[in-house]
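Here is a protein model to explore together. Take a moment to look it over, and then let's walk through it piece by piece.

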Amino acid sequence: MLPNDSQRPDPDALLAQVQAQEKKAARGRLRIYFGASAGVGKTYAMLAAARKLLADGQDLLVGVVETHGRQDTAAQLDGLPVLPLKAIEYRGKTLYEFDLDEALRRAPALILMDELAHSNVAGSRHPKRWQDVEELLAAGIDVLSTVNVQHLESLNDVVGGITGVRVAETLPDTVFDRADEVVLVDIPADELLRRLKQGKVYQPLQAERASQHFFRKGNLIALRELALRRTADRVQDDVQAYRVEKSINPVWKTGAALLACVGPHAGGEHVIRSTARLASQLNAEWHALYVETPRLQRLPASQRERILKTLKLAQDLGARTAIVPSADIAGAVVEYARSANISKVIVGRGRAGALARLWHAPPAARMASLAPDIDLIEVGLPPADAAPRRAAGEETEAPRRPSRHWRYILAAGASLATALASVPLQPYLDLANIAMLSLLTVVLVAVRLGRGPAALASLVGVASFDFIFVPPRFSFAVGDFQYVITFGVMLAVGLITGHLTAGLRFQARVASHREARARALYEFSRELSGVLQTEQIFDITKSAIERAFRARATLLLPDDEGSLQAPNGGEPLDIGIAQWAFDHAQAAGTGTDTLPASPIFYLPLIAPMRTRGVLALLPLDGAQRGRWLLVPEQRQHLDTFAALAAIALERVHYIDVAQGALLQMESERLRNSLLAALSHDLRTPLTSLVGLAESLALSKPALSPAQLDMARSLQSETVRMSALVANLLDMARIESGQVRLNLQWQALEEVVGSALRASGPQLQQHAVQTQLAPDLPLVRYDAVLIERVLCNLLENAAKYTPPGSTITVAAGVHGQFLQVTVADDGPGLPPGREEAIFEKFTRGERESNKPGVGLGLAICRAIVEAHGGTIHAQPHTPGQGAAIVFSLPLGTPPAPPEIERDDANDHETGKTS
């Protein structure tokens with residue numbers, strides 16, 4: 001058994017647990033009904049549970065439930081209180097969404113929220129339904145909801161690769177993991193396909209399409225496996241959380257996790273590879289652990305390097321690696337296994353002889369006695385290592401450093417000096433007190449010089465005490481046998497005291513290193529928390545990295561196109577390696593598997609949204625360059641530094657974005673206000689000028705030819721100026737949201753004809769062709785505004801093409817959209833400006849004598865997007881002119897009234913009313 005102290009719960013952990021429970025008690029509970037795909041019965045199971053709770057007197061409310069036309073699901077809604085949905089106007093349509101404010105006002109004990117990953121319509125308080133649920137939970141309301149496996153963010157691409165369908169509505173895994181309860185709703189693939197054919201999942205036409213694409217049997221089997229595995233992972237986390245909460249120490253063999261023990265001998269790689277193969281066969285996660293004792297800390301450099309490379313190999317093979325400092329190898333392994341609920345420990349076959357086993361039990365035997373509930377698997381020696389105890393060419397012993405010699409010399413000298421200094425004190429002190437002085441010297445030597453010198457100091461102290469103080473003096477002969485017992489006790493106490501003191505010294509040094517790392521992270525995060533400029537992040541990160549890792553650091557940031565920019569001066573960097581690390585979000589350079597010959601280590605700065613740059617480090621320790629990268633704790637420490645720097649860079653970036661957006665919003669608001677004011681003030685006098693110009697041309701007596709030309713020119717210019725002011729006013733009205741669409745189902749041919757008639761004067765010198773498909777369906781749009789779009793496009797085509805050019809208006813159905821194209825055979829658009837021409841006050845020709853202020857296409861885009869469509873310019877092709885294409889959604893036209901069909905039948909049969 002482990003000591004009782006090791007089984008006591010951590011007081012800090014208990015306090016944090018109590019605080020978390022208090023916070024959780026004030027929060028509602030979330031239960032998720034989880035399934036592999038639509039149709040497995042998640043909503044049905046949720047409603048069935050709600051009906052049972054309602055029968056038990058539970059105060060509940062149905063917030064939103066999607067039945068998808070399933071009669072058995074709809075039947076479960078009967079008798080349940082339903083919250084009315086909230087109507088939201090969106091692009092001229094009325095859509096219905098969950099009414100969050102009303103739900104919070106009514107505050108039921110439980111509310112049902114189907115389809116947790118659903119995206120709310122624009123205008124709702126939150127863009128996602130799970131955010132509505134978070135607010136309900138924060139208000140203390142319990143929630144029942146449903147989720148399919150393809151909606152989990154981490155599995156979205158996996159499901160897309162299996163089914164060929166990538167869903168747009170996703171749910172962060174953290175929401176799923178924080179749920180208080182997950183209920184798996186599962187049926188076999190054949191049963192689901194049978195339900196699909198019976199029309200219990202989708203309507204017949206939709207079910208036929210689904211069975212040919214998403215609902216194939218292989219897809220359903222794979223999705224079912226993903227759902228089962230994700231649920232198993234969730235249950236495993238619940239088991240581990242329960243064990244921690246209840247301070248359960250014994251291992252529960254609910255999983256097949258493995259723990260590989262890495263030792264200082266050459267067979268460690270064999271243990272790692274054997275464990276990796278076993279984990280692959282069991283499809284289980286595995287860990288690799290190295291326990292560093294004070295004795296192992298003094299291993300030669302070659303052996304320490306081999307241990308670190310073995311841990312790196314384990315990490316590359318998919319293991320979680322850890323280095324635990326402890327004087328008790330078996331106790332540390334058992335404690336780690338129990339904390340991670342690992343039931344199988346893999347160790348290498350020991351090499352110690354029979355005498356060594358009698359003197360000191362091997363770690364595997366001690367593990368078996370400490371934890372009889374853990375399975376121990378012993379791996380045999382590799383063939384190349386079974387016969388020789390050391391690999392060829394390996395150092396048998398590290399060259400002794402002078403400092404090690406001097407430590408032993410100082411230890412022996414300290415014991416001799418203590419004995420000699422005690423000689424004048426002999427008349428005043430008993431021999432027992434002089435022996436205590438010798439033991440004090442042993443303790444001091446153990447604190448300052450370590451275990452080995454302390455053992456030597458103990459031997460020298462006993463010998464000096466015998467030679468100088470025990471009669472007969474100045475001889476190693478012993479006159480009284482009692483002194484032999486004294487010598488034995490002194491030697492044993494000295495060795496034990498030195499051993500314990502050296503162990504405490506080792507633990508204190510490890511604690512000091514950990515405290516230094518924690519303090520460095522704290523200071524680094526504190527300094528980054530207040531920075532507002534990228535240059536400050538550069539300076540803080542460089543100085544912190546250089547202090548913590550004894551390496552010169554450089555930050556490389558990308559430009560707008562994603563290319564890293566080389567810094568001015570500093571270390572010579574390989575931009576190619578840095579760019580690879582940035583593009584692939586993986587470390588490269590020294591200590592990695594990618595271009596390890598490079599002396600510089602390149603670490604990508606991965607922030608929550610994207611990779612923000614690369615941290616380049618050049619180790620300063622010469623022969624030991626890059627060795628610290630192999631230490632898992634050091635690498636994790638460096639990764640934490642990089643993550644903090646990346647988050648700081650992302651925060652500064654979004655501060656700049658927010659400031660730019662705020663400035664742009666204020667500029668747009670000011671500009672729109674000016675446009676609206678000018679348009680209103682100029683519209684009335686311009687209308688008067690247009691009328692006066694027309695009256696002047698028709699005045700009596702008739703004007704002379706020269707005067708008539710002047711009058712017509714005046715009329716033309718005033719009409720053009722009035723059109724410009726109308727454009728300005730329309731742009732201001734559209735952007736302010738004051739325009740309401742008058743949507744009607746109508747044919748496109750009518751609005752095309754009216755637009756051609758309205759643009760007749762501008763098209764007089766051009767040939768116009770129409771290519772409208774004969775079977776164009778009815779489309780729901782605002783005829784006045786779409787006519788305005790066509791007029792603007794026709795006027796632009798006439799303005800920027802020479803006389804005699806041909807302008808073509810074409811329309812046809814493309815997928816779920818009606819696509820309209822206005823093309824010409826003129827010089828075409830300037831290359832690269834296909835998107836810029838739709839911006840306000842942007843013209844096709846930057847410097848031109850052609851009239852206009854560059855608002856026509858901006859108005860077109862605003863109108864088309866208000867209809868739920870898109871507009872774009874086709875890329876420039878030499879010799880083919882320009883083409884502007886806009887699309888309108890088709891929708892489903894309403895059926896003709898029944899009375900009209902009855903009248904038609906009466907007319908055919910000759911009946912009259």
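This is a predicted model: local features need pLDDT of at least 70, side-chain atom pairs count only at pLDDT 80 or more; totals for chains, interfaces and linings use all residues.

Residues are numbered from 1 along each chain as its sequence is written, and side-chain values use heavy atoms, with hydrogens and water left out.

Let's start with the whole chain. The protein chain has 30 helices and 23 strands. Here helices (H or I, at least four residues) and strands (E, at least two) are DSSP runs, numbered from the N terminus. Of its 913 residues, 39% count as buried; buried means under 20% relative accessible area, exposed means over 50%, and partly exposed is in between (1.4 Å probe, protein chains only). Now think about contacts, meaning heavy atoms within 4.5 Å. Among the contacts in the protein chain with a separation of 6 or more, 69% are between residues 24 or more positions apart.

Next, find the open sheet of five strands, in the order β10-β9-β8-β11-β12, with parallel pairing. Two strands pair if DSSP finds at least two bridges between them. Which strands sit at the edges? They are β10 (320-325) and β12 (375-379), and each of these pairs on one side only. From one strand to the next, the twist averages 25°. Zoom in on β9 (residues 286-292): six bridges join it to β10, and the two run parallel. Leu289, for instance, stands opposite Ala322 in β10.

Helices lie across this sheet too. Helix α12 (residues 268-282) lies across β8 (258-262), β9, β11 and β12, and runs at about 175° to β8. Helix α15 lies across β8, β9, β10 and β11, at about 150° to β9. For these angles, axes are lines fitted to C-alpha atoms (for helices, over the stretch in contact), and angles run from 0 to 180 degrees between N-to-C directions.

Look for Tyr602, whose bridge partner in β16 is Ala616.

Helix α20 (residues 431-449) and helix α21 (residues 451-468) pack at an angle of about 160°, with their axes 8 Å apart. That makes α20 roughly antiparallel to α21. The cut-offs go like this: angles under 35 degrees count as roughly parallel, over 145 as roughly antiparallel, 65 to 115 as roughly perpendicular and the rest as oblique. What classes of residue make up the contact of α20 with α21? By class, there are 11 nonpolar, three polar and no charged residues. Ala, Val, Leu, Ile, Met, Phe, Trp, Tyr, Cys and Pro count as nonpolar, Asp, Glu, Lys and Arg as charged, and the others, Gly among them, as polar.

Compare that with helix α27 (residues 748-758) and helix α28 (residues 783-799), which pack at about 50° with their axes 9 Å apart. α27 and α28 are therefore oblique to each other. The contact includes Val751 and Leu756 of α27, and Ile786 and Leu790 of α28. Its residues divide into 10 nonpolar, one polar and one charged.

While you're in α28, find Asn792. At 7% relative accessibility, Asn792 counts as buried. Not counting residues up to four places away in sequence, Asn792 touches Gly856, Ile859 and Cys860.

Most residues other than glycine have a negative phi. Glu115, in the loop between β5 (110-113) and α6 (129-138), has a positive phi near 50°. With 25% relative accessibility, Glu115 counts as partly exposed. Asn341 also has a positive phi, about 55°, and is found in the loop between α15 (329-339) and β11 (344-348). Is Asn341 buried or exposed? Asn341 is buried, with a relative accessible area of 11%.
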